[in-house]
Amino acid sequence: MSQVEPPNHGSLTLSSVSFQSEVDKPINKGGKSSSKVKPLLGSSPGSLKSKGIGKHIGSSKKKKAFGIVERKKQQINAAPFAVKSFTELGLPLVLIERLEKEGISVPTEVQSAAVPTILQNHDVIIQSYTGSGKTLAYLLPILSSIVPLMNKVSKSSSDGDSGGKIGIEAVVVALSRELGMQIEEALKKNKPAIVVGTPGRIAELSAAGKLWTHGCRYLVLDEVDELLSFNFREDMHQILEHNNTKQLKDVVFKLEACRMKATELHGDLGKLTRSSSLKKFKNGEVRVLVTNELSARGLDVAECDLMVNLDLPTDSTHYAHRAGRIGRLGRDGTVLTICEEYEVFIVKKMEKQLGVTMAFCNFVEGKMLVKQEEKALSTSRK
Ligand SMILES: Nc1ncnc2c1ncn2[C@@H]1O[C@H](COP(=O)(O)OP(=O)(O)OP(=O)(O)O)[C@@H](O)[C@H]1O
């Protein structure tokens, strides 16, 4: 994207776009039904800078590996780079009026491209020059889809549906405390719906079970290249793990549609539900436990003899941790790893690092062909 000079309206402070007074007003747009979490990432070569919104959780690979998002086919060609007003971008009137009060009436180029794309529930990477308006490019669509739901959110919280926890609809991970505070300032009146914090703080809340992200639809990684750097590895891992709940639910749903009794285990469940899920799995009432890496850590179910990796572990250490759930105390067990053809080399690398032999299979038109060659589906026997 090319550099866009902000119109000469003076600077917009993020706090100036908060619009608590309109929260209770009905907005003609209606609530969205999507329950997707949006990873918003990017990378920033040269003078380009990226606002979180960069792919999943980087490239399609990263996205898959972190297991956050279900993707839709992008129609980036149709992105309206030439729109003239915020109205044409599909933002609600209340938001447009507030922007106009701040002297902001013409979207920048990056906003023209990003706003409608995010509003259509696509995952996006926003990469553009400094000062080109990337913050509003992701905030505006989020605000426009969250505000209409505010009544619903506060109602369900007060009903106690969420066990006293607040339903979060968007998580913004910001690099520095200052940046976090700057964004939080703009959003504080929407506090129940949006959480803004540094990786450390958000990971801390997540580990303490205080992040109620069951209905979370947006995950923004602001300055994504930095956030995904080695420095923040542990915290980001915790955050991204936290956000794959929807995927786990989908898997349970699909298994049950095939008449396979399954149950889920993850941090978004209450303590009681977690222990009841595990109990059901341990006593054989359900045969399949669908879980994520964090919740699987340390699980000790002696009879468990099959581990299916629906996505690739990040490295061989994580592979070993997952595989360690089966074949305990000298028992036999099988690890089945499902991956794309282009990921086979990663599996090969782990095979080498771990010193195990994996049989490779190919899955073609619903049929599995077991072969020894490099194929997209790998099976390894412990
Ligand atoms: N459509 C607009 N019209 C006028 N001013 C705008 C518009 N969008 C954003 N601004 C203002 O432009 C300035 C830069 O915006 P912003 O901080 O989002 O840029 P950025 O691309 O995120 O920059 P950086 O990469 O340095 O973080 C801010 O003061 C913001 O208020």
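Colleague: What relative accessible area does Glu 169 have?

Modeller: This is a predicted model, in which local features need pLDDT of at least 70 and side-chain atom pairs count only at pLDDT 80 or more, while totals for chains, interfaces and linings use all residues. Residues are numbered from 1 along each chain as its sequence is written, and side-chain values use heavy atoms, with hydrogens and water left out. A residue is called buried under 20% relative accessible area, exposed over 50% and partly exposed in between, using a 1.4 Å probe and protein chains only. Glu 169 is buried, as its relative accessible area is 5%.

Colleague: How many residues apart are Arg 217 and Glu 169?

Modeller: Arg 217 forms a salt bridge with Glu 169, with 2.8 Å between the closest N and O atoms; a salt bridge is a side-chain nitrogen of Lys or Arg within 4 Å of a carboxyl oxygen of Asp or Glu. The pair links distant parts of the chain, with Arg 217 in the loop between helix H7 and strand S6, Glu 169 in the loop between helix H5 and strand S4, and a separation of 48 residues.

Colleague: Which strand holds Glu 264, the partner of Lys 249?

Modeller: The side chains of Lys 249 and Glu 264 meet in a salt bridge of 2.8 Å, N to O. Because Lys 249 lies in helix H10, the pair ties together parts that are 15 residues apart in sequence, and Glu 264 lies in strand S7. Helices (H or I, at least four residues) and strands (E, at least two) are DSSP runs, numbered from the N terminus, and Glu 264, which counts as buried at 16% relative accessibility, belongs to the strand numbered S7.

Colleague: What arc do the buried residues of H10 cover around the axis?

Modeller: In H10, Thr 245, Leu 248, Val 252 and Leu 255 are buried. They lie on the same side of H10, because the arc they cover around the axis is only 90 degrees. The arc is that of the directions from the helix axis to the C-beta atoms, and on the other side of H10, Phe 253, Lys 254 and Ala 257 are exposed.

Colleague: Which helix contains both Lys 348 and Glu 351?

Modeller: Lys 348 forms a salt bridge with Glu 351, and their closest N and O atoms are 3.9 Å apart. Lys 348 is partly exposed at 27% relative accessible area, whereas Glu 351 is buried at 13%. The two residues are separated by about one helical turn, because they are 3 residues apart in helix H14.
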